[in-house]
Amino acid sequence: MAENPFHTADHREAHDAARACHVAAMDALRVSLSSGWDPDARDRVTMLLDTADICRTTGDFLQRGSVHVPDVCRTCAIVCGECRDECERLGAEELSACAEACDRCVRACSRLVIQRAAD
């Protein structure tokens with residue numbers, strides 16, 4: 001089987017970052033819900049679910065080498081950037097791993113978007 005031309009080191013890095021961010025967002029959600037967040041945290045729950053979902057989807061697109069990787073990565077970088085900023089703003093210990101994973105994902109996905117624009 002021929003090597004997938006989309007599987008460069010940057011694609012693998014973005015894939016790994018997206019998968020790790022998916023897990024971190026789900027962990028942050030579980031911890032947050034189990035610690036008795038107030039009902040006003042609905043937007044935060046939605047943000048963490050959105051982050052987990054786009055990261056899972058991005059990982060899938062990267063793994064199969066979809067031609068739509070740059071578009072999905074652009075969206076992933078936006079969503080993860082918003083999640084990172086919110087987690088940092090809240091400053092809660094249970095959100096720090098999610099903020100770090102989001103930052104890594106933003107940087108890795110942004111590199112792919114920039115590369116595509118340069119092509």
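These are my notebook entries from going through a predicted model.

**Overall fold**

I started with the element count: the protein chain has four helices and zero strands. Read from the N terminus on, the order is α-α-α-α. Next I checked burial, and 40% of the 119 residues of the protein chain count as buried. I also looked at how far apart in sequence the contacts reach. Among contacts in the protein chain with a separation of 6 or more, 75% are between residues 24 or more positions apart.

**Helix α1**

Helix α1 covers residues 9–34. I counted 26 residues in α1, with 37 Å from its first C-alpha to its last, close to the 38 Å expected at 1.5 Å a residue. For burial in α1, I noted H11, A14, H15, A17, A18, C21, A24, A25, A28, L29 and S32.

**How α1 sits on α2**

How do α1 and α2 pack? I got an angle of about 155° between α1 and α2, with their axes 8 Å apart. The cut-off for roughly antiparallel is over 145 degrees, so α1 and α2 are roughly antiparallel to each other. The crossing of this pair, α1 and α2, is left-handed.

I then listed who makes the contact. From α1 it is H11, A14, H15, A18, R19, C21, H22, A25, M26, A28, L29 and L33, and from α2 it is V45, L48, L49, T51, A52, C55, R56, T58, G59, D60, L62 and Q63. Sorted by class, the contact of α1 with α2 has 14 nonpolar, seven polar and three charged residues.

I picked R19 first, which is found in helix α1. Is R19 buried or partly exposed? R19 has 25% relative accessibility, so I put it down as partly exposed. Leaving out residues up to four places away in sequence, R19 touches R56, G59, D60 and Q63. I also looked up R19 against A101: they are 82 residues apart in sequence, and the C-alpha to C-alpha distance is 9.4 Å.

H22 was next, and its place is also in helix α1. With a relative accessible area of 22%, H22 counts as partly exposed. H22 and C80 are 58 residues apart in sequence, with 10.0 Å from C-alpha to C-alpha.

**Helix α2**

Helix α2 takes in residues 42–64. I have 23 residues for α2 and a reach of 33 Å from its first C-alpha to its last, close to the 33 Å expected at 1.5 Å a residue. Which residues of α2 are buried? I wrote down V45, M47, L48, T51, A52, I54, C55, T58, G59, F61 and L62. Just after α2, I noticed G65, which takes a positive phi of about 70°.

**How α2 sits on α3**

Helix α3 spans residues 69–90. The axes of α2 and α3 come within 9 Å, and I noted a crossing of roughly 150°. The crossing of α2 and α3 is left-handed. On the α2 side the contact uses R44, M47, L48, D50, T51, I54, C55, T58, F61 and L62, while the α3 side brings V69, V72, C73, T75, C76, V79, C80, E82, C83, E86, C87 and L90. By class, I have 15 nonpolar, three polar and four charged residues for the contact of α2 with α3.

**Helix α3 and A77**

I counted 22 residues in α3, which reaches 31 Å from its first C-alpha to its last, close to the 32 Å expected at 1.5 Å a residue. Buried in α3 are V69, P70, V72, C73, C76, A77, V79, C80, G81, C83, R84 and C87. Just after α3, G91 takes a positive phi of about 65°.

I finished on A77, which is found in helix α3. A77 has 13% relative accessibility, so it counts as buried. What does A77 contact, leaving aside its neighbours within four places in sequence? I found V106, C109 and S110. For C109 I also looked up the spacing: A77 and C109 are 32 residues apart along the chain, and their C-alpha atoms are separated by 5.9 Å.

How values were computed
Residues numbered from 1 in each chain as written. Predicted model: local features only at pLDDT ≥ 70, side-chain atom pairs only at ≥ 80, totals over all residues. Heavy atoms only, no water. Axes fitted to C-alpha atoms, helices over the stretch in contact; angles between N-to-C directions. Helix = DSSP H or I, 4+ residues; strand = E, 2+ residues; numbered from the N terminus. Parallel < 35°, antiparallel > 145°, perpendicular 65-115°, else oblique. Left-handed = near helix turned anticlockwise from the far one by under 90°. Contact = heavy atoms within 4.5 Å. Nonpolar A, V, L, I, M, F, W, Y, C, P; charged D, E, K, R; others polar. Expected span 1.5 Å × (residues − 1). Buried < 20%, exposed > 50% of the residue type's maximum accessible area, 1.4 Å probe, protein only.
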